[in-house]
Amino acid sequence: MAAPGQNMRVNADRLWDSLMDMAKIGPGIAGGNNRQTLTDADSEGRKLFQSWCEAAGLTMGVDKIGNMFMTRPGTDPDALPIYVGSHLDTQPTGGKYDGVLGVLAGLEVIRSMNDLNIKTKHPIVVVNWTNEEGARFAPAMLASGVFAGIHSLDYAYDRKDMEGLRFGDELARICWIGDEEVGARKMHAYFEYHIEQGPILEAEEKQIGVVTHCQGLWWLEFALTGREAHTGSTPMNMRVNAGLAMARIMEMVQTVAMENQPGCVGGVGQVKFSPNSRNVLPGTVIFTVDIRSPDQTKLDGMRARIEKEAAAIAEALGVGCSVEAVGHFDPVTFDPTLVSAVRKAAEDLGYSHMNLISGAGHDACWAAKVAPATMVMCPCVGGLSHNEAEEISKEWAGAGADVLLRAVVETAGIVE
């Protein structure tokens, strides 16, 4: 049996092959993936993951929100499991690695432990969380949020996509409603491996990001009500232009974020005009402002200022304005002991590394509410993510998975 050391590494080729095989399911139009949550492609990806896990000797549990839990037993039946995972769902124009790397690296940890005949005191569970992206059903990290008690199951089931389809109905349609109560499982620790989704590691020429914190987030969904009118025949001074109000609010969000530097971001990624016709001023505009910061005071201050100034902008144009917070989590500080385990693993394996604050939200943010948690990150080319051109190298993927393997095994306790 192998002892922890330079020889305890994953099979990077096998991990890479798994990533490429999963990428064949729900292909995008430009080399990436469109495997949005609760679609037929999501179901197909889940089934492939299930088959791989069962071939590696894992047993599956599924809860009522569709979270998949694949368990490798430990030697102590009373020891709480170490959880390792991320998500298989993607953005509509997503890459091949966002989320998927963390799930399949978790599987590779198990495969490598099998190869090396490593036994641990604590069981190890590889998890695929449902609807991390929030692209189809807001908010993001929905199922891990229910698991952590942030949202109710009924709330999750009632979320609707842009076509009006309910989350609960779509989960039933693809046959991935399990019978476990959501959140009934207890964790000893949680690890998540992810691409950085930013440019820092590549720019600093570091192989490993030791994630110490995660930014907090507010998603503010604005609904602006104007008056539909002909764009050619309605005088400028007689318009009630919800589109103009949206444009001014977007510019204001940019200003607020820039005035709160360093460490704050803000922008708009989704807009829905109605009736969305070339020559009709919109009667309604719905869009979501995304603001983030690791500083709680700055984050909440940005929200308050944006809501106040948006109301003033709309009022000046005679446009109705309402706002709903459709996504939120506070800044997260990850468990110092697990962070140290990741850092030590990188050092022992000889990988260059640095501390990192995650700019994106992850299921680890909610897992940290119920158990010690941390994250490992690898670089991505140009910092590009949520884009079909998202790219990493086999070497980057393997290095982070090596660190994950060592940190997980040492936390789980090797049994001689």
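Two strands pair if DSSP finds at least two bridges between them. The legends below describe a predicted model.

**View 1. Glu 221 and Thr 288 face each other across a strand pair.** Glu 221 stands opposite Thr 288, a residue of strand S11. The strands concerned are S7 (residues 216-225) and S11 (residues 284-293), which are joined in the antiparallel sense over 10 bridges. Strands of a sheet pair through backbone hydrogen bonds, either parallel or antiparallel.

**View 2. An open sheet is built from four strands.** The strands follow the order S9-S11-S7-S12, with antiparallel pairing. Strand S9 (265-274) and strand S12 (320-329) stand at the edges; each has a single partner strand, so one side of each is left without a neighbour in the sheet. On average, neighbouring strands of this sheet are turned by 15° against each other, direction ignored.

**View 3. The largest nonpolar core holds 101 residues.** Among the residues that touch the most other members are Phe 49, Tyr 190, Phe 334 and Val 403. Helix H12 (residues 394-412) gives the most to this core, namely 10 residues. Leaving aside neighbours within four places in sequence, Val 403 is in contact with residues including Ile 208, Val 342, Leu 349 and Val 376.

**View 4. A second, separate core contains 25 residues.** Its members include Phe 222, Cys 264, Leu 299 and Ala 314. In soluble globular proteins, nonpolar side chains tend to be buried together.

Notes. Residues numbered from 1 in each chain as written. Predicted model: local features only at pLDDT ≥ 70, side-chain atom pairs only at ≥ 80, totals over all residues. Heavy atoms only, no water. Helix = DSSP H or I, 4+ residues; strand = E, 2+ residues; numbered from the N terminus. Axes fitted to C-alpha atoms, helices over the stretch in contact; angles between N-to-C directions. Core = buried A, V, L, I, M, F, W, Y, C linked by side-chain atoms within 4.5 Å. Buried < 20%, exposed > 50% of the residue type's maximum accessible area, 1.4 Å probe, protein only. Contact = heavy atoms within 4.5 Å.
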